[in-house]
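Hi,

Here is the structure I promised to pass on. Have a look at it first, and my notes on the salt bridges follow below.

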Amino acid sequence: MTGRPTTIWSAEFPAAAQKIVVGLPVMVLLAFLLAFYVVQKPRGHKVLRYLLFIPALISAPATAMVFYAMLNPDGLLNGVLRSLGLDGNAWLADPSTALGALIAVELWSGIGYSAVLIASRLDSVDTEIVQAARIDGAGDWRIAWGMYWPIARDFIGVVTMLQFLSMLFNSAQTVLLLTQGGPGTATTTLSYLVYRKAFVETDLGYSQAVGIVLFVLGLLGMGAIRRVLRATH
């Protein structure tokens with residue numbers, strides 16, 4: 001009995017933590033910058049909003065199929081690298097790159113959707129204030145972080161919580177389709193561990209224990225995000 005908790009915290013928990021700690025901030029920051037670009041209404045911005053939403057409409061099996069075609073040893077990415085005279089890699093089978101590959105899948109699926117949501121909030125910013133700031137010499141970078149970010153901070157917190165819960169609870173399907181937790185335990189997240197213990201190894205007690213850990217982490221994570229990204233105006 002004493003070995004099981006050690007297994008969770010020494011193997012599966014680090015994979016889940018790295019996936020969220022690395023992937024979530026990158027996703028939110030890129031989504032905000034993309035949303036800021038969209039609300040500047042560049043040419044084709046209406047079409048761009050539709051295109052950004054497309055990844056969220058693609059099912060997990062279809063997304064996994066696309067990334068497997070790109071990342072397998074004979075896939076598109078290695079083909080491009082070899083054409084440049086570089087060595088390819090077994091991205092999904094290498095412990096040093098497998099988790100990063102799964103993070104890339106999460107980013108591709110979530111950035112556009114998050115950007116569209118954030119852009120809907122940024123649209124409410126008074127354009128006269130923005131124009132006045134530009135007249136005073138403020139550039140895009142200063143306007144983005146000095147004006148848009150504080151105004152939309154609470155809403156960005158809501159989007160961040162949604163993506164946090166998605167990464168925490170919905171990663172099992174991506175892991176199952178692409179790596180099945182391997183190599184070793186490099187990509188075995190807690191949500192995938194719940195599935196494997198319950199439906200593959202029929203160890204319901206262990207699966208329920210991990211489920212409780214997931215529930216507690218979800219509450220703590222949402223509380224932390226709410227505290228960091230609460231409204232300041």
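Let's start with Asp-123, which is partly exposed because its relative accessibility is 36% (buried means under 20% relative accessible area, exposed over 50%, partly exposed in between, using a 1.4 Å probe and protein chains only). Before going on, note that this is a predicted model, where local features need pLDDT of at least 70, side-chain atom pairs count only at pLDDT 80 or more, and totals for chains, interfaces and linings use all residues. Residues are numbered from 1 along each chain as its sequence is written, and side-chain values use heavy atoms, with hydrogens and water left out.

Asp-123 pairs up with Arg-49 in a salt bridge, with 2.9 Å between the closest N and O atoms (the rule: a side-chain nitrogen of Lys or Arg within 4 Å of a carboxyl oxygen of Asp or Glu). Asp-123 sits in the loop between α5 and α6 (127-135) and Arg-49 in helix α2 (residues 45-57), so the pair ties together parts 74 residues apart in sequence. Helices here are DSSP runs of H or I, at least four residues, numbered from the N terminus. Arg-49 is partly exposed too, at 22% relative accessible area.

By that rule, the count is five salt bridges. Another one joins Lys-19 to Glu-106, with closest N and O atoms 2.7 Å apart. That pair links distant parts of the chain, 87 residues apart: Lys-19 is in helix α1 (residues 3-39) and Glu-106 in helix α5 (residues 98-122). Both Lys-19 and Glu-106 are buried.

Then there's Arg-196, which bridges to Glu-201 at 3.5 Å between the closest N and O atoms. Glu-201 is partly exposed, at 37% relative accessibility. A network of salt bridges links Arg-196, Lys-197 and Glu-201.

Cheers

How values were computed
Helix = DSSP H or I, 4+ residues; strand = E, 2+ residues; numbered from the N terminus.
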